[in-house]
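Please look at the model before reading on.

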Amino acid sequence: MTEKVLILDFGSQYTQLIARRIRELNVFSEIVPFNKVPQLDDSYKAVILSGSPFSVREERALRPDLAEIVGKRPVLGICYGAQYIADFYGGTVSRSLKREYGKANLGRIQRADGLFADIETGSQVWMSHGDTIEHLPEGFELLASTADVEIAAFGSLGDRFAAPVYCIQFHPEVYHSLDGKQLLENFVLKIAGCRGDWTPAHFIEQTVEELQQKIGDDRVLLGLSGGVDSSVAAMLLHRAIGDRLFCFFIDNGLLRKGEFEEVERSYEGMGLNVTAIDAKQEFYSALAGESDPEKKRKAIGRVFIEVFEREAKKLTNIKYLAQGTIYPDVIESVSVHGPSVTIKSHHNVGGLPEKMGLKIVEPLRNLFKDEVRRVGGELGMPAHLIGRHPFPGPGLAIRILGDITPEKVRLLQEADAIYIDKMREYGLYDQVWQAGTILLPVQSVGVMGDERTYEQAVALRAVTSTDGMTAEWSHLPYEFLAAVSSSIINNVKGINRVVYDISTKPPATIEWE
Ligand code: XMP
């Protein structure tokens, strides 16, 4: 049985980070909205309450019943989680008069074998809250203070509850809390007694077993995209059911230069049962004359489904459709600013399983991207596939602003290949989350030799990010940008200007469409 730490999400920007930090200790963690606590079966070893943008003093504060949790399992409340526990059990939380944001140091630590074991007095922590705990509830004791915050950590370790309750005002999950990892380790491994055996190898072994049980003798179909997620999903399924996994790899004519052939070769090398399908013309025809980004996405999704269905009909007895869905796609987020709006329709091929009457299998639905990569490594996947930047499903269609023609695709592929190759050559590829080239629908004047040119411009985009939800433009060295620019302008006929995109997300997005 996989041991789990349950994380109740109160909407903090750091909730996913808490989950990652726990998983780095080789303990599985699961995020659920604060008001959707599952039945705590034996697999749940501890519960963590996250921070929140709300204040417990607000009318609309999030107030679940803690009786279901506290006393049943060891509990750790972080920031809002700590304030809410204090408030719930009769303590006093008030607006903080001092600044409680940024770095602080812990003094007067209760140590021994508790939460602060092996953490020295003076340890740096990261504070980020507007409320402070003035009085502790009955049965709780002070565990640590900082210069500005008297009650920085407290807990109930005596008789009031049948399991220990720890509460901290600071954020152990962020790197600025220098002993944060030790603190979480103390909680998860020592206090909650987790084994810490959730490694990639363990995950593979267990998932393969589960897949074998679920699928039995049936056959599974999977669409490979060339990306990490679908490739790792395929490797896991292949290990579980061998050649009863059938993979399609559709060439939509919108991939990077030479990528289709290169990836197809890798798939063959990995022993996968792959049918490569050339559907370039169908995609180009469906996109002809279409400039609207959402309509382009829809057209690509539609053709993808058509091609997929047509090819699937050639196979018999398929019962499952496998997908490379990962954890960030399935975490139900706590809505802080009202119902979230769809900003872009990323899930372009939703509806396919229902349409084809297939059941779904998603072997990666509990993993974060970096965990998928580690599992891929453990499965022996080639490094160049594992480390690849994310690439959008609609591919270059949303990096060519305006309508798509095969000629524009070729032009962009040439420029993009120079950018990405140079990025590898300069050792920068692994430092950025994602990079790409955008073909702009503008022409500008230039000179080449004695001639005046009037050609297109491309924008280079490179961002650092942990999950694609927020992103910062990468501060790439000027020499590198200079080398890329001159190589593109000198070698790609039709492009005479290169610009670098210096927008962060939000308010911009990573892609331009
Ligand atoms: P944005 O542009 O929304 O992108 O900041 C965030 C991440 O999502 C990728 N992306 C897509 N992926 N279909 C996809 O499969 C899409 O339509 C799509 N649009 C954006 C983008 O490349 C980035 O990694």
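In this predicted model, strand 12 (residues 219-224) and strand 15 (residues 318-322) pair in the parallel sense, over 4 bridges. Within this pairing, V220 has Y320 of strand 15 as its bridge partner. Helix 4 (residues 200-215) packs on the sheet and touches strand 12, strand 15 and strand 16. The direction of helix 4 makes about 170° with that of strand 16.

The sheet itself is open and has 5 strands in the order 14-13-12-15-16, with parallel pairing. Its edge strands are strand 14 (274-278) and strand 16 (359-361), each of which pairs on one side only. From one strand to the next, the twist averages 30°. Helix 6 (residues 259-269) lies across strand 12, strand 13 (245-251) and strand 14, and runs at about 170° to strand 13.

Which residues does UniProt list for "active site"? The unreviewed entry lists C79, H171 and E173. They are spread over 95 residues of sequence but cluster in space, with a largest C-alpha distance of 11.3 Å.

| Residue | Loop between | Relative accessibility |
|---|---|---|
| C79 | strand 4 (75-78) and helix 2 (80-88) | 5% |
| H171 | strand 11 (165-168) and helix 3 (180-191) | 3% |

C79 counts as buried because its relative accessibility is 5%, and buried means under 20%. H171, at 3%, counts as buried too. Leaving aside neighbours within four places in sequence, C79 is in contact with residues including G51, S128, H129 and H171. With residues up to four places away in sequence not counted, H171 touches Y14, I78, C79, W126, S128 and S177.

Note on methods: Residues are numbered from 1 along each chain as its sequence is written. This is a predicted model: local features need pLDDT of at least 70, side-chain atom pairs count only at pLDDT 80 or more; totals for chains, interfaces and linings use all residues. Side-chain values use heavy atoms; hydrogens and water are left out. Two strands pair if DSSP finds at least two bridges between them. Helices (H or I, at least four residues) and strands (E, at least two) are DSSP runs, numbered from the N terminus. Axes are lines fitted to C-alpha atoms, for helices over the stretch in contact, and angles run from 0 to 180 degrees between N-to-C directions. Contact means heavy atoms within 4.5 Å. UniProt positions are given in the numbering used here, feature names are shortened, and annotations may be inferred rather than shown by experiment. Buried means under 20% relative accessible area, exposed over 50%, partly exposed in between (1.4 Å probe, protein chains only).
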